[in-house]
Amino acid sequence: MQWETVIGLEIHAQLNTNSKIFSSASTRFGADPNSQACVVDLGLPGVLPVLNKEAVNKAIKFGLTVNAHINQRNVFDRKNYFYPDLPKGYQISQLDWPIVGKGEINITVDEDVKIIGITRAHLEEDAGKSVHDMFDNYTAVDLNRAGTPLLEIVSEPDMRSSIEAVTYAKKIHSLVRYIDICDGNMQEGSFRCDANVSIRPMGQEELGIRTELKNINSFKFLEKAINLEVQRQQDILEGGGEVLQETRLYDSVKHETRSMRSKEEANDYRYFPDPDLLPVEISDELLLEIKAQLPELPVEKKARFIKDLGLSDYDADVLTSQKALANYFEITLKDNESNTKLCVNWVMGELSALLNRNQIEIENSPVSAQDLSLLIRRIGDDTISGKIAKDIFKTMWDEKGNVDEIIKTKGLKQVTDTAVIENVVDKIIANNAAQVEQFKSGNEKILGFFVGEAMKATQGKANPRIINKIFRLKLIK
Amino acid sequence: MHDRTIAELTEGLKSKEFSSVEIVQNYLDKINASDLNAFITITTEMAIKQAQVADERIAKGNANILTGIPYAHKDIFCTSGVRTSAGSKMLDNFIAPYDATVSYKFNQAGLVMLGKTNMDEFAMGSSNESSFYGATRNPWNKNKVPGGSSGGSAAAVAARLAPFATGTDTGGSIRQPSSLCGVTGLKPTYGCVSRYGMIAYASSLDQAGPITQTAKDAALVLNVMAGFDEKDSTSAQRDVEDYTQSLNNSIKGLTIGLPKEFFSEGLDNNVASEIMAAVKEFEVLGASVKEISLPNSKYAIPTYYVVAPCECSSNLSRMDGVRFGHRCDKPKDLEDLYLRSRTEGFGEEVKRRIMIGSYALSSGYYDAYYLKAQKTRHLISNDFKKAFKEVDVIMGPVSPTTAFDLGSFKDPVSMYLADIYTLSANLAGLPGMSIPAGFSHNMPVGLQMIGDYWSESKLLNIAHQFQQVTEHHSQIPLKEVV
C-alpha cells in the first residue's frame, strides 16, 4: 500500500528579551544555578506576575512576518500540573486566545513552492531544569530558565515528508533570527522542535492517529526522528496493528523513539484564565509602529536581489536563507557593483565551501565580508587573477591579514605588461607546433591549452584576458 | 491610652503626651496578657525597635501622620524576616525574604507592627476555626467565634489590643469578623490596594483593607494602603485620593437602597431590627430609603463557591514541599513527596476547596462550572450597576446572625450560607464596609454598606457621619471578659 505522511510541527522559540516574561530577572544563559531566579520566578507565596511588554512586541513581530492575524485582545491562562521545575504548579500560557492567530509561510522543496499554514503562536513561560545526575538519590532544580519567554509556533499538519518538515523548521529558524526575536541556538535550547507525525493510505482524507515526537535538538535529528517514526507506524499498520496516540521521546544516541506517555496518562491541565493578569490589549498604533520597524524580510530581500541585482532565483534563495549570509553578501557588494556575479560566486562558492567544511557559522567566518569585498575588488581592477585570488583567500582564511599586504609581500600582483606576456606567448607558440596546427585548422578549443601554458609559465600572475588576446593576434596572423 | 483611636494617638504623639515606644509597650503588654489567641506571632523586639526609629523621626520632624502608630498585621501579608503562616501548618516555617507592598508601605510610613494576627487557614473560613493555630475567641464572649477569615485582626481591634489591624476580604473576610466583633471594616474596590505579597486565596476576589475603631481611622489607614502598584497587574492606575477629605460632608439627600433579598428568611429578627434602627438613624441625618432588588444575588453562594475554589486550587499548587513550607519526612519518591507534604500541611477546609476547584476546572466540567460561574458573576455585577443608577449606597446586614458558638457548625455548607450577604460585593469587585450598628443579646451587629466602584470616600463619609451621632463603635468588651 502507498502511504502518505502527515506532519505538523510545534516550535518553541525562546524570545531574546533581556528580562523574563513575568519578572525582572535576567534571561542570560549559563549563569550559576538559581542565580537568576527572583522571588517571582521561585513562585514564593504572594508574588504576582507582571507581563514584559518586550515579549509581546516580539510575538507581534513574528505574527506580522508570517502574515498572521494578531489577536488584539489575547488572554493568559494557567496550565496546571505538578513538577519540581515548575515552581508555581502551573505554567502561564495562552489557550483559547493566543496573541498570534492564523498565518502562513512558503517553503521551496525541489523547486516546488508550498504554502505551510501556521495555526497559531502563543506566549508562555519556560520551566526550570531538573538536573538528575548531579547528586546521588536527589534531583536538583535550577530555576534560572523558569520564566524565560517562549513563543510556541504551531503549524497546520501541512507537511508531507521529513524534508518538508525540515525545510519549514529551517525557514522559521531563519525568520526568527531575521526579525531578531530569538537567537536560534538549538544547542542551548533556544529553538526547540516537537513533531506530530501520522500516516494514512494515499488518497484518504481522514488523518491517521498521530504521535508527538519530543527531544529533537537539531534539524538533522528532526529528519531522522520523523523517518524513523514513519517507518515504525508503517510497520505497525502493515502488520495489522494500531498506532497509539502518545508522546514519544527521540533518542539520538540509540537512534530510536520510545514511548513517554500515552493519551490516557496525559495530564488534565485544568486550564483557566490567569486572574493575576489582565487580558492583553494591543492598540492599532502599536501594530503600526511594530510593522514600521520590521526589517526587510527574506521574501522581500530575495525579490530585490532578483530584480535589482539580476540574481537567479536559486542564488537569491540561498543568499537570503540566513540573515547573516545575506548581510555578508551585501557587504561584499560594496564597491563591486559591476561585479555582482563575482560576489555571488565567491560567497556561495569558496566561502561557503570552507565554512561548511570547517563547520563554521558565517557570523564567525575568519574572513570578514569587508576583506572578501576588497579581494573581489582587486580581481575586478585586474590587480590579481581569479586563480591567485583563491590562493590569497586561503592565506586570509588561515593566517588572516590584509588583501593588499598579502599581494604585496607575496609578489602576487598580476602581470599586465604586454611585452612580458608577448615574450612568453612567442615561446609557447614556438614549442608547440602541433597545437598551432590544430588551431589553424579550426579547433578553437585548443586556445585553452595555450592560455594554460602561459599561466603556468607566469605562475598564474599574468592576466588571462590579455594572454588570450595576444594568442589570438599572433595565431591568426 | 489603648482605648484611643488612631486619630487620638497621633494627637498624643504630636503633643508629646507619650512616645511611640510607650504606646507600643502598652499594647504589647496587653497582647501578652490576652487569652483571645488573636495573634500567631508577636514581634516584640522588632516593634520596640521600630517604635524607637519612629520616635526619632518624630523628633527630627520628618514623620508622616501615622509614624509611630502600632498595628496588627494579618498573617497573610508577607513580612521580610518574620514568619508568614497564613494560618497553615504548611507555612508554619515560612519566612518570606520580601515584603508585601502593604507591609512595605507601612514600614515607609513609620508604622509599628505589633505582630501577625490569627486567621482561617489561607483565609478560607468564616469563623477562624480553620486556623492551624486554633481559633481566636470573640472578645465579647469567649465561647463565640470572632468571624473570619480576618478574625484575629477584628478581635484584636475590638479588644483594643491594637489601634487598628489589616484584613483581607475574599468573600466577606474583613466585613464579617468586623461585624461579629463590633468594629469598623472596609473592603475597598478590587484593584485599590496592591495584592503583591498577600498570599493569594482567590486572586480575582481578594482585596486588602483596614479594620479600625472608626471610619475616620479607616480613612487614615487607607491613605497609606491604597494606590497603584506596578508589581500587581490588577491594581488600578488611578490618582491617589485623600480619603479623609470628605468625611465631614453632609449626607443630606443621600439615597439608601435596601435590597429585599438581604432581608429575606434566614435573617435573625434581632439583627434585622438593629439594622432597621440604624437605617432610621440615617433618615434622621437626611437620607431617604428605597427598596431595591438584586435578583441575581441568590446565585452569589454557588458562584462564589465555584470561582474561589477554582482559583485557590491553582494558587495553592506552589505549596508542594519542594522549595519552602512543610515537607513530609523521608519521601519515597516525587509522588510521595507531593502527596504527603500536602496531605499533612493542609487542613480539612483547604483540602475541601482544592478538591472542589480541581473538579470544577477539570476537562468536561469547565463549561458547566467555571464558565457558568463567570456568567452569573456578570449578572450579579449588572444588578449592582442597575441599582447604583437609582441609589447612592446599598445597606443591609453583614451576617444573618451575630457571632455563633465555637464548634457550632458541623457541616461546611451551612457555614458557607452565612456568607450570603457579603459575597456579592467581591464577585462584583465593589467596595463594602461593616460598621457597628447595635447589639443583639450583648453581641455586636454590623451594618453593611456597599458602594459603587471607587466610592470609598463616599462610604467613609457616610460611616463617619453615622459614627458622629451613634456610640456603637466606641463600645468596648467588658474588661473581665477580655
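# Two chains and their contacts

Modeller: Chain B and chain A bury about 2,700 Å² between them, with 59% of that area on carbon and sulfur atoms. In chain B, the residues that lose the most area to chain A are B:S233, B:R318 and B:R323, together 23% of what that side buries. This is a predicted model.

Biologist: How many residues of chain B and of chain A are in contact?

Modeller: 39 residues of chain B are in contact with 30 residues of chain A. Contact here means heavy atoms within 4.5 Å.

Biologist: What makes the pair B:R195 and A:D276 a salt bridge?

Modeller: The cut-off is 4 Å, from a side-chain nitrogen of Lys or Arg to a carboxyl oxygen of Asp or Glu. The side chains of B:R195 and A:D276 meet at 3.0 Å, N to O. That is within the cut-off, so the pair is called a salt bridge. The count between chain B and chain A is one salt bridge.

Biologist: Which helices of chain B each supply at least two residues of the side that touches chain A?

Modeller: They are α9 (300–315), α10 (334–345) and α11 (348–361). α9(B) gives the most, with five residues. The residues of that side divide into 18 nonpolar, twelve polar and nine charged.

Biologist: Why is B:S317 called buried?

Modeller: Buried means under 20% relative accessible area. B:S317 has 2% relative accessibility, so it counts as buried. B:S317 lies in the loop between α9 and α10 of chain B. Leaving out residues up to four places away in sequence, B:S317 touches A:F82, A:K88, A:G89 and B:R342.

Biologist: How do you know that the side chain of B:S317 reaches the backbone oxygen of B:S313?

Modeller: The computed distance is 3.1 Å. A polar contact needs N or O atoms within 3.5 Å, so this distance is within the limit.

Biologist: Why is B:L28 called buried?

Modeller: B:L28 stands at 0% relative accessibility, and the limit is under 20%, so B:L28 counts as buried. B:L28 lies in helix α2 (residues 20–33) of chain B. Its contacts, not counting residues up to four places away in sequence, are B:I42, B:T44, B:A47, B:I48 and B:L114.

Biologist: Why is A:I476 called exposed?

Modeller: Exposed means over 50%. A:I476 has a relative accessible area of 58%, so it is exposed. A:I476 is in helix α15 (residues 464–476) of chain A.

Biologist: What makes A:D426 and A:K474 a link between parts apart in sequence?

Modeller: Their side chains meet in a salt bridge at 2.9 Å, N to O. A:D426 lies in helix α12 of chain A and A:K474 in helix α15, so the pair ties together parts that are 48 residues apart in sequence. A:K474 also meets A:E422 in a salt bridge, at 3.3 Å. A:E422 is in helix α12 (residues 418–431), 52 residues from A:K474.

Biologist: Is A:K474 buried or exposed?

Modeller: A:K474 has a relative accessible area of 19%, and buried means under 20%, so A:K474 is buried. A:D426 stands at 37%, between 20% and 50%, so it counts as partly exposed. A:E422, at 33%, counts as partly exposed.

Biologist: How many salt bridges does the structure hold over all chains?

Modeller: The structure holds 52 salt bridges over all chains. One of them joins B:E241 and B:R238, at 3.3 Å, N to O. Salt bridges that share partners also join A:R78, A:D274, A:D276, B:R195 and B:D232 into one network.

Methods:
Residues are numbered from 1 along each chain as its sequence is written. Chains are lettered from A and ligands numbered from 1 in the order in which they are written. This is a predicted model: local features need pLDDT of at least 70, side-chain atom pairs count only at pLDDT 80 or more; totals for chains, interfaces and linings use all residues. Side-chain values use heavy atoms; hydrogens and water are left out. Helices (H or I, at least four residues) and strands (E, at least two) are DSSP runs, numbered from the N terminus. Buried means under 20% relative accessible area, exposed over 50%, partly exposed in between (1.4 Å probe, protein chains only). Buried area is the accessible area (1.4 Å probe) that two parts lose on being put together, summed over both. Ala, Val, Leu, Ile, Met, Phe, Trp, Tyr, Cys and Pro count as nonpolar, Asp, Glu, Lys and Arg as charged, and the others, Gly among them, as polar. A polar contact is a pair of N or O atoms within 3.5 Å; within protein, one must be able to donate a hydrogen and the other to accept it, and residues adjacent in sequence count only if both atoms are side-chain atoms.
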